[in-house]
Amino acid sequence: MATKSVIRNVNQHVGETVTIGAWINNKRSSGKIQFLQLRDGSGYIQGVVVKSEVSEQVWDDAKSLTQESSLYVTGVIREEPRSQSGYEMTVTGIEIIHLTENYPITPKEHGVDYLMDHRHLWLRTQKQRAIMVIRAEIIRAVQDYFDSNGFTLVDPPILTPTSAEGTTNLFHTKYFDEDAYLTQSGQLYMEAAAMALGRVYSFGPTFRAEKSKTRRHLIEFWMIEPEMAFTDHEESLQVQEQFISHVVQSVVKNCRQELETIGRDISKLEAIQAPFPRITYDEAIEFLHTQDFDIPWGEDFGAPHETAIAEKYDKPVFITHYPAGIKAFYMKPDPNRPEVVLCADMIAPEGYGEIIGGSQRIDDPQLLEERFKEHDLSMETYQWYMDLRKYGTVPHSGFGLGLERTVAWICGLDHVRETIPFPRTLYRLYP
């Protein structure tokens, strides 16, 4: 009886007869030989059917197979240096599970809207599968870094009575008789967790009701949000660059074949090693003025500004010390210059924009209360957050990484919609 295997593990069965559950990715024929391009989710392999070496039934079954038909295929695994996987199967048996008719995504070109309407099937293509494998490796590497460096995973709520940065771009809902919102960040809750556990991180979905349809924006996306007690701004920056270096190098090490499949220039990723360059907001403004950008001090950067700055570097770059007026209420002012805050945005190279935003948080209860008043925030609603400063306040810092933008950068994708299995964009809720 043949051993059951998956394509990823055929290297363990050279010279053996195995059975693989698979789909037909593509097929071609050369007279008396049929070449079946097989996929099973774990990888790809070519199955070779030689007419003179199989029964008439097996030959006819192979001829009847169509794109995305499902089958159990049995054969002998052999090494084949010319194939992408390095292995090939000499087919001896076929058991058809289902013959597919008129599969809607063919090898021809399709428009983006058409592919998005068929996202549930588009995921089966080689490039999209590779992106999902890389995404999974990024998630694994994220958790590996934090789990190996003394952080505890904590899950903040998705339904919240308040927002971290104002309710303008939040999805409002009713929580029985109360107003509630889908979270845009778990940060405030992670600060509470850090006061209990020291170093924590969350990893979950977040939502922005922002009516933006740029290539960098999704309505639903995933965030990694670490918070660290007894940690200042400088130490937080060191954690961030070590963290990103670890994630990128894990992908380079474990997903080289997938990176090659999507045509990524791997040498650019191999260069992503800490430390990362840093410039202040002031320096960024001065540089942008030399590049003919008419941007006044005190205005936030947009995509063109970030791209211009990033083009100077082959690594991510930190932009630090933004004006307090354009940053969130909880960011700690620089003691030497209170009009700017101890914060940083990490800008990815190659025009992918901000992938991390972080800061040292305000730990002075009196200053935080002043910020509440300045931002017209309800003391009653945020009382629990004030309690963190009232009962054992400490210096603490944290940051947030947007997973999908990070996937887009590491994969070298033009649009963030390909970074998540089923993207939610301004005009798309299907499938």
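Let's start with Asp117, which is partly exposed at a relative accessible area of 34%. In this predicted model, the side chain of Asp117 joins that of Arg428 in a salt bridge, with N to O at 2.9 Å. Asp117 belongs to helix α2 (residues 112-117), while Arg428 sits in the segment after α13 (403-411), so the contact links parts that are 311 residues apart in sequence. Arg428 has a relative accessibility of 14%, under the 20% cut-off, and therefore counts as buried.

## Two further links

Arg135 and Glu404 also meet through their side chains in a salt bridge, again described by an N to O distance of 2.9 Å. Arg135 is part of helix α4 (residues 126-147) and Glu404 part of helix α13, so this pair ties together parts 269 residues apart in sequence. Both of these residues are buried.

Another salt bridge connects Asp363 with Lys332, where the closest N and O atoms are 3.5 Å apart. Here the partners come from two loops: Asp363 from the one between β18 (353-360) and α11 (365-374), and Lys332 from the one between β14 (317-320) and β15 (333-334). Asp363 counts as buried, at 16% relative accessibility.

## The wider set

Across the whole structure, the search finds 24 salt bridges.

Four bridges join β9 to β10 (residues 178-182) in the antiparallel sense, and His172 stands opposite Tyr181 in β10.

Terms used
Residues are numbered from 1 along each chain as its sequence is written. This is a predicted model: local features need pLDDT of at least 70, side-chain atom pairs count only at pLDDT 80 or more; totals for chains, interfaces and linings use all residues. Side-chain values use heavy atoms; hydrogens and water are left out. Two strands pair if DSSP finds at least two bridges between them. A salt bridge is a side-chain nitrogen of Lys or Arg within 4 Å of a carboxyl oxygen of Asp or Glu. Buried means under 20% relative accessible area, exposed over 50%, partly exposed in between (1.4 Å probe, protein chains only).
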